[in-house]
Amino acid sequence: MGIRFILMVNKQGQTRLAQYYEWLTLEERRALEGEIVRKCLARTEQQCSFVEHRNYKIVYRRYASLFFLVGVDNDENELAILEFIHLLVETMDRHFGNVCELDIMFHLEKAHFMLEEMVMNGSVVETSKANILTPIQLMDKAS
Amino acid sequence: MAMHGMRGLSVFISDIRNCQNKEQERLRVDKELGNVRTRFKNEKGLTPYEKKKYVWKMLYIYMLGYDVDFGHMEAVSLISAPKYPEKQVGYIVTSCLLNENHDFLRVAINSVRNDIIGRNETFQCLALTMVGNIGGREFAESLAPDVQKLLLSSSCRPLVRKKAALCLLRLFRKNPDVVNVDGWADRMAQLLDERDLGVLTSSMSLLVALVSNNHEAYWTCLPKCVKILERLARNQDVPQEYTYYGIPSPWLQVKTMRALQYFPSIEDPNTRRTLFEVLQRILMGTDVVKNVNKNNASHAVLFEALALVMHLDAEKEMMSQCVALLGKFVAVREPNIRYLGLENMTRMLMVTDVQEVIKRHQVQIIASLKDPDISIRRRALDLLYGMCDVTNAKDIVEELLQYLSSADFAMREELSLKAAILAEKFAPDLSWYVDVILQLIDKAGDFISDDIWFRVVQFVINNDDLQPYAAAKVKEYLHKPAVHETMVKVSAYILGEYSHLLARRPGCSPKEIFSILHEKLPTVSTTTIPILLSAYAKILMHTQPPDQELQNQIWAIFTKYESCIDAEIQQRAVEYFALSRKGAALMDILAEMPKFPERQSSLIKKAEDAEVDTAEQSAIKLRAQQQTSNALVVTDQRPANGAPPPVPVGQLSLVKVPSMITTEDRNLTVQASSQDNGTLSKVDPQPPSADLLGDLLGPLAIEGPPGATVPSEHNAVSGLEGAAEAVDGSAIVPVEVETNTVKPIGNIAERFHALCLKDSGVLYEDPYIQIGIKAEWRAHHGRLVLFLGNKNTAPLISVQALILPPGHLKMELSLVPETIPPRAQVQCPLEVVNLRPSRDVAVLDYSYKFGANMVNVKLRLPATLNKFLQPIPVSAEEFFPQWRSLSGPPLKLQEVVRGVRPMPLSEMANLLNSFRLMISPGLDPNPNNLVVCTTFYSENTHAILCLVRIETDPADRTQLRMTLASGDPTLTFELKEFIKEQLVSIPMVPRAPAAAPPAPPAAQLTPQIPANDPAALLAGLL
């Protein structure tokens, strides 16, 4: 049970954020991302949010131009991950206000800070938006 | 939101965003990397702020997929920066860029430890998170006690403790020997009393890891988990921040129920009652609501509750509620719920009793098999496979067969294997089983492994009633316009044995049977010809009264193949020719094949062995044990001579047909003697187990030949040996010589060739070991995994594997263990880099010891030229300029190839396509020509476009003209030779390394195509 990676990829297949919780070489990442993105982006809205790929199950969700793809083990609770994606988006929304692809692109470090508060080594640590955002707000105040 | 001064980073990101294409992006990235590298060189002048900025740039570049091979030290050094912003960047970027084995991490251990034991909470959090993400052994050794202390400390705030819990989880998972968790049961129980949901959420992850390892030690945590669940699901006693769309932390609920699934049962009646109340509430109280997020969250909890109820399998009432719910789910339109319904129903099959209820939903499940979404189709296929039994096998298998014609390529292999297994396991009657397998071969011949057709032959041999039926059936298939080679094999075998049973039917005279079989001979490969020859010999023998004309025809064929370069074909031709002139003696030697002893199907065994310990696999196993159809019991099973009744044996690859049919087919010719000799030749001096021996002796005891023929058999044998020796002394190898060697199962060369076309399969197999291969190819890189499986109940020792790479391949094999434990499979990854074009082939030199047997084999590895090809569609606008620009040797080569294996054009196109030489239809107006475009990858040449044009002559399919062009002369030449090897009909001699085709001398290059041929005219234009 666990999250192996989280990817944010836009409609054109460009990676906007990649966070892995298991070590893959750059080559492996590139290959994996290419394969997954090709598979998921080709799917229609009427299809389910789960894609089986190699040993992973990909749980994905699309928000406007941005796809959130989470690779999990086969025995993970798929719907819990699906809603975890939404929680992540809501958290970003609370911080950025109407979050969009550009926010994530130009504030990559903040997206990483948020993820860091939410997931550790593939397990969900925190689901309270207030708690997740506390460190970032502290930083914003300090600077 | 401003970037707090990291303007340089924003500018860089903007630049990247504005890049028009990948090339521009690469240039911009290279420029930036150069810039960062120079700045890092005189590090002294860098402020912490600048360092931070550059480190983010590195992470950004790395995320884009570029290698960042410097600056790691700078990232790590930020960890010891005094200020929070720099430190934070240091920790986060380090955990993204480095892995636990990285040397630089060691440098940081002290700073990390200082942060962890220091008093600054935010620093503690950062350090714990990084260790929790990438901490390795050294971190575990030096930090585990500190982390444990933080987790339990009452003075520590929740924000630190929740991180400490997951940090400990990592250290424990990675190094259970270093992290001491003795006595942790009480502490875990204490932790579960925690009120803070953040700490609870992460502690629950830690608990899941601990109980999955040793549930007995943590039984005190069980009631606590139930209490937490009660607090969340029933009392809804959680702070607002932790409710998600009105649902109290669905993630913690799910995790808690997951932890509970590691306890086998719940003994305490109070705890049990509470838990069942909560579960009941979840099962009954989850309604479908409009809000998607709320719906998902509540169903996440519901599905976990279902899993827990199934696991506990205690309350009949609740179980039927679960089935009812799942039944509802598999019928809904909403794809996510339907997917999960199918998935969970498959898991549910593990529980007894529910089979009948699930069957009621068969119609809906079959509907999902036709869903446009492949994820759903896969789940439906798995479920149908799991729920199949004698009562519904016919319906399900027929659905699978129907679906096979339209199924995606990716699913066909799995689908046909599953259909074959189900047909065998649950066949209501044998003729149906034969129908199914023949349909499978007809519809998906390429995906039918030898095992499948061996098995059907075995059943036909063992069941007298079935023989005329099967013979009539295969004959029907042979009349079809396109017949798959596997179908030719099965038909030849069955018609050879049993076509005489049809002799009175119209169109089934020996002559007619012979001619429909013989029509196929020009289309088949060298592995099928021997089977055809055997069939001819048998047909000839059954022709009573003898038919002079037929005899002459068949003798002519035998004579023709007497000088065949393929040893197997040659031997059969010579022996059959000699035998068939013996008259009456022939009758006994070519008598019907004896029945096979019944053994467990290798197919079913395979399915069971492939235990990926997923739920659905165990469900399959359960099913298999519970209800195997009786239809497939061998007709004759009486044990004689006190031999033990045949028991299902696991050790051997059970279907012996392969060896009987392919290379070592002495059994057929020397069938009379094979009653003892042939069978014994397979008995190893040190049989792996008693079962094996019993099994091998089985046929001896059961299958006594009819008494009357016994004396003549001996005559026949001696006569045969005489005859054979007269022709070729080595044709019949004395049995004694063979007893000491381990024989491969199946044809090694054939396996290799099959693997040249596909990326996974068996490379080698003998009674002790099976070597499988799975490969992935990407540009000039390849990653193969060798699966070494010990088939026996004793270990294989002194295992050694050596790769002998050809000059153009860089190959690295990971460590191969010296011993393979009984029935175990080890995986050895093999990395391949292709440096330049070449047809040479790598060899695996493999040896092991089993008992007293030392076995050494050299196997060609399927890292062939075609694996580094990538098909590419090319339009006419792109093709012709390229084709023209590559003019003449050495970049463009042309050759007339003779002796081509005659095959229809479509078959040639398929063959080329399967080598990743993509046919581009429409580029050449002449329908007899093929144009191929593909890209070749190697480290030296990078990607090179290769263009090929093949002009065939419809009047003479044995010759063609081939023109190849690429930007590299070696590649052009090598590719030309490679394609030639695939097309010319030079039979592959087993063991010979990549048979070199005879290069037609240049002098032969006479123009074959007359000038008025449109193809020739086009060639001139091109």
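What is the relative accessible area of Arg54(A), and how does that class it?

Reply: Happy to! Please keep in mind that this is a predicted model. Arg54(A) has a relative accessible area of 43%, which means that this residue is partly exposed; the buried class would need a value under 20%, and the exposed class one over 50%. As for its place in the chain, Arg54(A) sits in the loop that joins β3 (50–53) to β4 (56–63) of chain A. Its backbone deserves a look too: the phi angle of Arg54(A) is near 45 degrees, a positive value in a residue other than glycine.

You can find another positive phi in chain B. Ser798(B), again a residue other than glycine, has a phi near 50 degrees. Ser798(B) is part of a strand, namely β6 of chain B, and its relative accessibility of 29% makes it partly exposed.

That strand leads us to a sheet. Strands of a sheet pair through backbone hydrogen bonds, in either a parallel or an antiparallel way. Here, three strands of chain B form an open sheet in the order β6-β9-β10, with antiparallel pairing. At the edges are β6 (797–804) and β10 (853–860) of chain B, each of which pairs on one side only. On average, and with direction ignored, neighbouring strands of this sheet are turned by 10 degrees against each other. If you follow β9 (residues 843–850) of chain B, you will see that it pairs with β10(B) over eight bridges in the antiparallel sense. One spot to look for is Leu844(B), which stands opposite Leu859(B) in β10(B).

Now for the charged side chains. Side chains of opposite charge can pair when their charged atoms come close. Over all chains, the structure holds 76 salt bridges. One of them joins Glu138(B) to Arg106(B), with the closest N and O atoms 3.0 Å apart. Glu138(B) belongs to helix α8 (residues 137–152) of chain B and Arg106(B) to helix α6 (residues 103–117) of chain B, so this pair ties together parts that lie 32 residues apart in sequence. Glu138(B) is partly exposed at 34% relative accessibility, and Arg106(B) is partly exposed at 47%.

Glu414(B) is partly exposed at 30% relative accessibility, whereas Lys418(B), at 10%, is buried. These two also take part in a network of salt bridges that links them with Glu52(A), Arg378(B), Arg379(B) and Asp382(B).

A further salt bridge to find is the one between Asp237(B) and Arg231(B), at 3.7 Å from N to O. Asp237(B) is partly exposed, with 35% relative accessibility, while Arg231(B) is buried at 11%.

Let's finish with a helix. Helix α5 (residues 84–97) of chain B has 14 residues and spans 20 Å from its first C-alpha to its last, close to the 20 Å expected at 1.5 Å a residue. Of its 14 residues, 13 are buried, so α5(B) is largely enclosed by the rest of the structure.

Conventions
Residues are numbered from 1 along each chain as its sequence is written. Chains are lettered from A and ligands numbered from 1 in the order in which they are written. This is a predicted model: local features need pLDDT of at least 70, side-chain atom pairs count only at pLDDT 80 or more; totals for chains, interfaces and linings use all residues. Side-chain values use heavy atoms; hydrogens and water are left out. A salt bridge is a side-chain nitrogen of Lys or Arg within 4 Å of a carboxyl oxygen of Asp or Glu. Helices (H or I, at least four residues) and strands (E, at least two) are DSSP runs, numbered from the N terminus. Buried means under 20% relative accessible area, exposed over 50%, partly exposed in between (1.4 Å probe, protein chains only). Two strands pair if DSSP finds at least two bridges between them. Axes are lines fitted to C-alpha atoms, for helices over the stretch in contact, and angles run from 0 to 180 degrees between N-to-C directions. The expected span of a helix is 1.5 Å times one less than its number of residues.
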